[in-house]
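Welcome! Here is a friendly walk through the inner spaces, charged contacts and ring pairs of the structure shown below.

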Amino acid sequence: MGSANDAIGNPGNSTGVGDTELPVYTADAVSANGSGSSDLRTEHTYSLNNAKGKPWLTLRVHSRSPSGKTLPVFLDGDEIRGEVRIELEKPEGCKGVLIGVLAENTAVGQEAVPFLDLTSPLWTPSSSSKLPAGSLTWPFSLTLPKEALVSASSKEAPKCYPLPPTFSERASPAYIDYKVTVTVKRGAFRVNQTLSTSFAYVPRWVAPAPSALRRLAYSDGSPLIGPEADPEGWHVLPPVKVTGTLFDAKSVEVEAILALASPLSYANGSPIPLLLTLKSSDAQALDLVAQPSASAIFLTRTIAIGSTATDETSPRRSNNTYTFPEHIARAFWWPVSEGAFSKDTRILQGEIDVKKDVKPGFVFPRLSIRYHISLFPFTASCFVPSAPADQLLLSEKVEIVTENAPGVVPRSHAPPGYTKPEEGNYNNSMGYLENGNQRFYHHHGFA
């Protein structure tokens, strides 16, 4: 074996995760086989090599990930279990061996701010400050909490917040990263050696159960019942007056009443049922804006970063906070066949398809994600709205969570044979950790 520096300082080639991206995980998917520690079956192995190319420090972690070639995945309350092994050809100076879980919030151009630090000693020196030659193995177990005690700023007292999910997207202004790290502490004038891997943290946030009539429609495929017969199942928003010019000659007004499925909490991977009632004394205008392609209703996500990110009333841009809104998905529509047509009324039924890779919303110091259903002016041939196309006419806050209520399996109610229109790329990116493993997979070794 080489010198002490070679043995502990040379990282060599690491094993385990390659350059593949972490697939999209939902709480439903990773907890499909249960929620106990026995479901942490996949082993992930990482190592540092000595000067001879042999592993001297190895970290093994067990997780819910479907493959050991991707990053580990954990749900809230999971035990992060595994073992650390050190193999030395001769005794090496050491002040201790630690295992820890660290979570950090990082805004672009700023230092990372840790909000979770779970550290446990694996080995501490006694009479000798050297690790003995040979093979040493330490099992470990660290339980993830469901909350973290964090201060929103240096002037505020700490508060408990639900532990946020891993968050990283290409071109995102901020990141939330979780990692498991083993640290070999060195003496004075020598740098510690660390071996770590990021992991995906997926909280289990459950949507409330829908109304009994909606649950019935989901289970047997029957049509959804409207707000009049199922008031518990709908949240009807205030009417919006939409004015414009028809055929460049006539001013018209259309009243739009949007109803959202209630409760206003939806799991990713599920449709959001909608109803849109349009009223006007002008039949031509009504027919134009009632075209399924005319309405501009979106699921809109807003990322807030900065010291007042937890304050929903904070201005979009201030000295301490920036917000970044973007459309995640657009509503699609079809006419309701029964009782929907009259001289001055049209009714459309629709949905917003919430993809599985849509991140759940959360409120957390320095980085929060919120969702709204947003209504913008109609766009139709021969109809020119009075308001600019990007003027927000109506917005309603909703929650995007990770799981449906137990026993609830939402289904689309689009007509048989209905082809959903192709959507634009509203989202900056999709999937966890799309910046690649290079940013989040750390191997630090120093001579």
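## The largest cavity

The largest cavity has a volume of about 160 Å³. A cavity here is a set of points on a 1 Å grid over the protein atoms alone where a 1.4 Å probe fits but cannot get out, and lining residues have an atom within 4 Å of a point. Grid points are joined across faces, edges and corners, and the volume is the space filled by probe spheres set on the points. By this rule there are two cavities of 30 Å³ or more.

Which residues lie nearest the centre of the largest cavity? They are P210, Y218, S265, Y266 and N404, out of 18 lining residues. Two or more lining residues come from each of α3 (212–220), β17 (265–267) and β18 (271–279), and β17 gives the largest share, with three residues. Helices (H or I, at least four residues) and strands (E, at least two) are DSSP runs, numbered from the N terminus. The lining divides into 13 nonpolar residues, four polar and one charged; nonpolar covers Ala, Val, Leu, Ile, Met, Phe, Trp, Tyr, Cys and Pro, charged covers Asp, Glu, Lys and Arg, and the others, Gly among them, are polar.

## About the model

This is a predicted model, in which local features need pLDDT of at least 70 and side-chain atom pairs count only at pLDDT 80 or more, while totals for chains, interfaces and linings use all residues. Residues are numbered from 1 along each chain as its sequence is written, and side-chain values use heavy atoms, with hydrogens and water left out.

## Salt bridges

The whole structure holds 14 salt bridges, each being a side-chain nitrogen of Lys or Arg within 4 Å of a carboxyl oxygen of Asp or Glu. One of them joins R204 and D76, at 3.0 Å from N to O. This pair links distant parts of the chain, 128 residues apart: R204 is in the loop between β13 (193–202) and α3, and D76 in the loop between β3 (73–75) and β4 (79–88). R204 is partly exposed at 24% relative accessibility, whereas D76 is buried at 7%. Buried means under 20% relative accessible area, exposed over 50%, and partly exposed in between (1.4 Å probe, protein chains only).

E326 and R301 also meet in a salt bridge, at 2.4 Å from N to O. E326 belongs to strand β20 (residues 321–330) and R301 to strand β19 (residues 296–306), 25 residues apart. Both E326 and R301 are buried, and salt bridges with shared partners join E169, R301, E326 and K359 into one network.

## Aromatic pairs

How many aromatic pairs are there? The count is eight, where rings of Phe, Tyr and Trp (its six-membered ring) pair if their centres lie within 6.5 Å, and planes under 30 degrees apart are stacked, over 60 edge-to-face and the rest tilted. The F115 and F364 rings have centres 4.8 Å apart and planes at 65 degrees, so this pair is edge-to-face. F115 lies in strand β7 (residues 113–123) and F364 in the loop between β23 (345–353) and β24 (366–376), so the pair ties together parts 249 residues apart in sequence. Both F115 and F364 are buried.

Y178 and F199 form a tilted pair, 5.6 Å centre to centre with 45 degrees between the planes. Both of these residues, Y178 and F199, are buried. Ring pairs link F74, F115, Y161, Y178, F199, Y201 and F364 into a cluster.

Key
1 Å grid on protein atoms, 1.4 Å probe; cavity = no way out; pocket = protein on both sides within 12 Å on 5 of 7 lines; lining within 4 Å.
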